[in-house]
Amino acid sequence: MSDGGNRVVDYELFEVPPRWLFLRLETEDGTVGWGEPVVEGRAHTVRAAVEELLDSYLLGENPEDIEDHWQAMYRGGFYRGGPVLMSAIAGIDQALWDIKGKQLGAPVHQLMGGAARDRIRVYQWIGGDEPSDVADAAREQVDAGFTALKMNATPEIERIDDPATVEAAATRLRQVREAVGSEVDIGVDFHGRVTKPMVKRLASAMEPYDPMFIEEPVLPEHNDALPAIAASTDIPIATGERMYSRWDYKQVFEDGSVDLIQPDLSHAGGITEVKKIAAMAEAYDVAMAPHCPLGPVALASCVQVDACSPNALIQEQSIDIHYNETSDVLDYLADPSVFEYEDGFVTVPTDPGLGIEIDESFVREQAEKDVDWHNPIWRHDDGSVAEW
């Protein structure tokens, strides 16, 4: 490919709290691009994959040819796809786009066709993994300006659970709806915890309270069940955070079962791949709400793709999310105002590259800390493993 004499010469990886991995990629002219290649709870594994891709392929290459690099990293291995490899590619891809934008003096979305919007709506998490006190939290977030919220539907749940469990889940949603009124949207995340028969029962119980969507009603391994679930409820179906490429999305587009896709810019191949997934979704009249319970580089990458994707509906973000107990998104930014929310929206950044400036000294300081986040192992009353 092109040989512009501006090669990738160095990289560093920083594992930082609460559970993130940052990639610093540098070219010989001193341009620095940042990426966020991580699988939550598997940072060490993804780190090794990034190092392998960079050491065996990208170091010494011209950073300009992003599409070719993506193809080489993906297709250059006989075994492809999956969360670890696609997350490694994603973080490298983000850093390459950041470099390209900085070298050309333009934000990434301008390099991908220009803006389709000036701002994107964001939603705020309420409750935790085991949702409680959600009504009060919902009022607080609406008072803070958010017009859309998301909550977990249930804690761990049995394959076929009792009526009280269904009633408790519906009651939590009812309490939030009564607290915020009908002009606030409420997404309900099933988190892949729920089996097919329980999805139908829960969805039926929740319908009177008009959730914005039910997310990951079943595990992605059971996406074949989605058409029947979609036919049994009028609640929009969302999924996609554990789907890692265009090819993973083919089935749900073709069978018409999903209304909202949620690819993760740090898991699904980065900016290059998610822009293609968004275009595929648009052809099937499916909206997009990128998954992002992660850090500032991942969020900035999401917003750049949202900006130039006509079917982007709303953006997840992790400021004040329950995972961020030790460090938060804004802590790593030299200018946190880039993610100031107004009336439940974030303005699309217009600075070159990803549109953010990482506080590198803070990153290096935080990387000195021990970071060993792993998601919990939940168990049912009989001792068997439950879905988290």
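User: In what order do the three strands of the open sheet lie, and how are they paired?
Analyst: This is a predicted model. Strand E1 (8-16) and strand E3 (32-35) are the edge strands, each pairing on one side only. The pairing is antiparallel, and the order of the open sheet is E1-E2-E3.

User: What is the average twist from one strand to the next?
Analyst: The sheet in question is the open one with the order E1-E2-E3. From one strand to the next, its twist averages 20°.

User: How many bridges join E1 to strand E2?
Analyst: Strand E2 covers residues 20-27 and runs antiparallel to E1. Val8 stands opposite Thr27 in E2. The number of bridges joining E1 to E2 is eight.

User: Which helix lies across E2 and E3?
Analyst: The helix spans residues 83-104 and runs at about 145° to E3. Its name is helix H3.

User: At what angle do helix H5 and helix H6 pack, and how far apart are their axes?
Analyst: Two packed helices are described by the angle between their axes and by the distance between those axes. Here the helices are H5 (residues 134-143) and H6 (residues 163-180), and H5 passes H6 in a right-handed crossing. The angle is about 30°, and the axes are 8 Å apart.

User: How many nonpolar, polar and charged residues does the contact of H5 with H6 have?
Analyst: From H5, the residues are Val134, Ala135, Ala138, Arg139 and Val142. They meet Arg172, Gln175, Val176, Ala179 and Val180 in H6. By class, the contact has seven nonpolar, one polar and two charged residues.

User: Is Thr171 buried or partly exposed?
Analyst: Thr171 is found in helix H6. Buried means under 20% relative accessible area, and exposed means over 50%. The relative accessible area of Thr171 is 23%, so Thr171 is partly exposed.

User: How far apart in space are Thr171 and Phe78?
Analyst: In sequence, Thr171 and Phe78 are 93 residues apart. In space, C-alpha to C-alpha, their separation is 49 Å.

User: What is the radius of gyration of the protein?
Analyst: The protein has 12 helices and 15 strands. For 388 residues the globule rule gives 21 Å, and the protein's value is close to that, so the protein is as compact as a globular protein of that length. The radius of gyration is 20 Å.

User: What percentage of the 388 residues is buried?
Analyst: The C-alpha atoms fill a box of roughly 65 × 45 × 45 Å along the principal axes. Of the 388 residues in the protein, the buried ones make up 58%.

Methods: Residues are numbered from 1 along each chain as its sequence is written. This is a predicted model: local features need pLDDT of at least 70, side-chain atom pairs count only at pLDDT 80 or more; totals for chains, interfaces and linings use all residues. Side-chain values use heavy atoms; hydrogens and water are left out. Two strands pair if DSSP finds at least two bridges between them. Helices (H or I, at least four residues) and strands (E, at least two) are DSSP runs, numbered from the N terminus. Axes are lines fitted to C-alpha atoms, for helices over the stretch in contact, and angles run from 0 to 180 degrees between N-to-C directions. Contact means heavy atoms within 4.5 Å. A crossing is left-handed if the near helix is turned anticlockwise from the far one by less than a right angle, and right-handed if clockwise. Ala, Val, Leu, Ile, Met, Phe, Trp, Tyr, Cys and Pro count as nonpolar, Asp, Glu, Lys and Arg as charged, and the others, Gly among them, as polar. The radius of gyration is taken over C-alpha atoms; the globule rule is 2.2 Å times the number of residues to the power 0.38. Buried means under 20% relative accessible area, exposed over 50%, partly exposed in between (1.4 Å probe, protein chains only).
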